[in-house]
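Here is a friendly walk through one protein model, meant to be read with the structure open beside you.

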Amino acid sequence: MRLLFTVDPEIEVPPKTYGGIERIVDALVRHLQAAGHEIALIARPGSECPADRVFPWRGLISQSTPDTVINTWTLSKAVRSFRPHVIHSFARLAYLTPHLRGRIPIIMSYQRYPTMRTIRMALRLARPGVVTFTGCSEYIARRGRPAGGEWHGIPNFTDTEALQFNPSVPADAPLVFLSRVETIKGADWAIEMARRTGRRLIIAGNHATSGEEGAYWSDRIAPCIGRDGIEYVGPVDDVQKNALLRQALAMVVPIQWDEPFGIVFAESLACGTPVISCPRGALPEIVRPGIDGFLVQSIEEGCAAVERVGALDRAACRRRAEECFSPRAVVAQYLALYERVRTRLGTA
């Protein structure tokens, strides 16, 4: 198949630093190419993704009306040149407007909460069956379904081959908090769980220095660093992340918001490290309580989970990652969807 991918114009593919969606698309391109498909990508200038063809966006601001007009033209030009069998967009739905009445199947993927008004408008304009929607979790797909259209929950994935499985850790292994250190990620809960259970806690991730989140860091987190076994190591790269997760008794990120997916949870499982979090957003789709970790609704429940987590089978965590959140598993779901929408429109 010839597959055309689009991402928002702000960040290169692959990203230099932050950029979860861009990292996912880069990996999708590489795995689909390895399976023999021809791939084109429309992305920010300077992107180094090894797609067969790369078309640069000319407008670099998603929310700019003039840039939206320019990028709609750029996408149309790429379609005429590449002639894809499927367009798979992780960018703005507005860029696809000229193709909604066409016969090329469109997959529109959401990594965050869908904009209902935009979806309803697109469906009014579209030829029946042309547009299919995916969410990065069933949770996001459920959020989109009231707007109409066909929705599928297809999870994000992590590089399970690069993440090294560790079948066992010492009884005194530390807990790890790996995420941005902000209110919605629950770092203060993780600290209190570690204190009450007498466990070391390693905190890794960026933090704000101003505003409400800067105050959260300076008032709630910083005073705890260096005391009671609480350690802060700052942001970590992929190699450091691998080492950090492999040595942990559990990853404790007790989220205080409805997480659309959360790749770090799949990364933890890939290392064999159970997850302790909260039953918010997509977490119930990732963690099976009592098997891959625990989902708790209070600090007290979190402490009980810490006491029990050492008895979980780390090999089961690894199998969960391989079966549900590996590139192989997720790319297979996308390929099946591409074939389905092509058959529906009679273009297969």
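Predicted model: local features only at pLDDT ≥ 70, side-chain atom pairs only at ≥ 80, totals over all residues.

**A covered helix**

What lies over them? Just past the end of α5, Gly198 adopts a positive phi of about 70°.

**The nonpolar cores**

Which residues have the most contacts inside the largest nonpolar core? They are Leu201 and Phe265, in a core of 88 residues. Helix α5 gives the most to this core, contributing six residues. In soluble globular proteins, nonpolar side chains tend to be buried together.

If you select Leu201 and set aside its neighbours within four places in sequence, you will find it in contact with Ala190, Ile191 and Ala194, as well as Leu175, Val176, Phe177, Gly229, Ile230 and Glu231.

**Two helix pairs**

Two packed helices are described by the angle between their axes and the distance between the axes. Here are two pairs to compare in the viewer.

| Helix pair | Angle | Axis distance |
|---|---|---|
| α5 and α10 | about 55° | 9 Å |
| α1 and α12 | about 75° | 11 Å |

With α5 and α10 packing at about 55°, the pair counts as oblique. Helix α5 passes α10 in a right-handed crossing. On the α5 side, the contact is made by Trp189, Glu192, Met193, Arg196 and Thr197, while α10 supplies Ile299, Glu300, Gly302, Cys303, Val306 and Glu307. By type, the residues of this contact are five nonpolar, two polar and four charged.

Helices α1 and α12 pack at an angle of about 75°, and they are therefore roughly perpendicular to each other. Leu28, His31 and Leu32 of α1 meet Pro327, Val331, Tyr334, Leu335 and Tyr338 of α12. This contact has seven nonpolar residues, one polar and no charged.

**Backbone details in the loops**

Where does the chain contain a cis peptide bond? Look at the bond from Val13 to Pro14, where omega is near -5°. Pro14 sits in the loop between β1 (2-7) and α1 (20-34).

Two residues other than glycine have a positive phi. Arg83, with a phi of about 55°, belongs to the loop between α2 (65-82) and β4 (86-90). Arg83 counts as exposed because its relative accessible area is 59%, and exposed means over 50%. Asp228 has a phi near 55° and is found in the loop between α6 and β10.

**A buried arginine**

Finally, is Arg320 buried or exposed? Arg320 lies in helix α11, residues 314-324. Its relative accessibility is 13%, so Arg320 counts as buried, the cut-off being under 20%. Leaving aside neighbours within four places in sequence, Arg320 touches Leu269, Glu285, Ile286, Arg288, Asp292 and Phe325.

Methods: Residues numbered from 1 in each chain as written. Heavy atoms only, no water. Helix = DSSP H or I, 4+ residues; strand = E, 2+ residues; numbered from the N terminus. Buried < 20%, exposed > 50% of the residue type's maximum accessible area, 1.4 Å probe, protein only. Contact = heavy atoms within 4.5 Å. Core = buried A, V, L, I, M, F, W, Y, C linked by side-chain atoms within 4.5 Å. Axes fitted to C-alpha atoms, helices over the stretch in contact; angles between N-to-C directions. Parallel < 35°, antiparallel > 145°, perpendicular 65-115°, else oblique. Left-handed = near helix turned anticlockwise from the far one by under 90°. Nonpolar A, V, L, I, M, F, W, Y, C, P; charged D, E, K, R; others polar.
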